[in-house]
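Open the model in your viewer and keep the selection tool at hand.

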Amino acid sequence: MSKEYIQIAFNFNTQDQFEMLVAQLSDLGFDGFNEEEAGLGINDGVEMVNELGKGAGQCKTFILSTEYIENNVEESLNNIFNQIGLTYSKSIIKEQNWNALWESNFAPVRVGDFAGIRANFHPHFEPSVQYEINITPKMSFGTGHHATTFTVMELMEDINFEGKTVYDFGTGTGILAILAEKLGASKVLAVDNDDWCIENSKENLLNNDSTVISIQKVETAIQSEQFEIVLANVNRHIIEANMVELAAVAGPGATLILSGLLIEDQEDMVKLAAAHQFSFVKAKPLNGWVSLLFTTL
């Protein structure tokens with residue numbers, strides 16, 4: 001018997017507001033938070049930048065219908081959104097209809113001639129790209145549409161992954177881990193704390209014939225081994241909470257990419273990284289967001 005989900009879609013005005021909502025909705029049982037930046041118009045194709053502004057965006061999140069009804073989630077949901085003056089829309093998604101839903105919204109993404117992200121129902125890129133990634137995003141974050149994922153991939157183009165070990169903290173769909181393998185990484189550990197992300201990333205590994213990537217569910221960045229390249233495309237607060245652990249997993253001469261950051265976060269993140277023995281190399285900004293590249297001192 002197929003499952004039925006309640007989808008909640010909402011706009012938010014700042015990243016702090018978004019992170020607060022994620023925490024509150026997670027407590028209610030919601031999962032699979034799919035964030036899109038302002039301007040992408042994922043719901044109706046309408047340009048949202050002027051209405052929402054930098055740091056704003058849109059999100060869809062999901063909960064099983066049975067859990068939504070049994071726990072009287074709607075009352076708590078209304079209280080949360082009324083308190084901060086936001087609204088949300090609700091729809092019912094049947095498990096077997098999920099592909100049709102995202103197929104109607106998911107367009108291929110091209111990162112120059114370097115990489116392309118497409119679904120299995122899209123044709124191959126013309127003109128061709130160096131690396132094609134086949135993604136079925138389902139209820140997980142990370143399709144390359146968001147500026148944070150896009151700019152991390154731009155930074156990855158200039159890094160030598162050949163024979164390197166890679167740690168992908170906050171893997172989402174597994175897109176960056178898959179690209180790391182295609183770039184020649186010898187071993188990739190991809191982790192997330194979201195059950196849907198874990199399930200979806202495993203499916204995407206199969207879609208891309210991945211052989212060197214392992215997936216783990218974790219709550220923090222701590223690991224018992226070190227890596228030559230560390231990717232953390234999450235958000236400022238998670239990076240701040242895990243900076244000690246990220247520094248510990250970065251081996252001597254390691255490369256670190258931090259993302260999920262607003263441009264105004266850059267100065268603070270560079271200072272934080274420097275305090276943990278990372279040297280700032282360069283930034284990749286896009287649409288009010290930025291990805292930062294560091295090496296260990």
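Begin with the largest pocket, which has a volume of about 800 Å³. A pocket here is an open set of points on a 1 Å grid over the protein atoms alone, where a 1.4 Å probe fits, with protein on both sides within 12 Å along at least five of seven lines; lining residues have an atom within 4 Å of a point. The volume is the space filled by probe spheres set on the points, joined across faces, edges and corners.

This is a predicted model: local features need pLDDT of at least 70, side-chain atom pairs pLDDT 80 or more, while totals for chains, interfaces and linings use all residues. Residues are numbered from 1 along each chain as its sequence is written, and side-chain values use heavy atoms, without hydrogens and water.

Now colour α1 (15–28), which gives the most to the lining, six residues. β2 (31–37), β9 (187–192) and α9 (236–249) each supply at least two.

Next, the rings. The whole structure holds eight aromatic pairs, with ring centres of Phe, Tyr or Trp (its six-membered ring) within 6.5 Å. Select phenylalanine 114 and tyrosine 131: their centres are 5.7 Å apart and their planes at 75°, so the pair is edge-to-face (over 60 degrees; under 30 is stacked, the rest tilted). Phenylalanine 114 is buried at 2% relative accessible area, whereas tyrosine 131 is partly exposed at 22% (buried is under 20%, exposed over 50%, partly exposed in between, with a 1.4 Å probe and protein chains only).

Finish with Phe10, Phe12, Phe18, Phe81 and Tyr88, which form one aromatic cluster.

Technical notes. Helix = DSSP H or I, 4+ residues; strand = E, 2+ residues; numbered from the N terminus.
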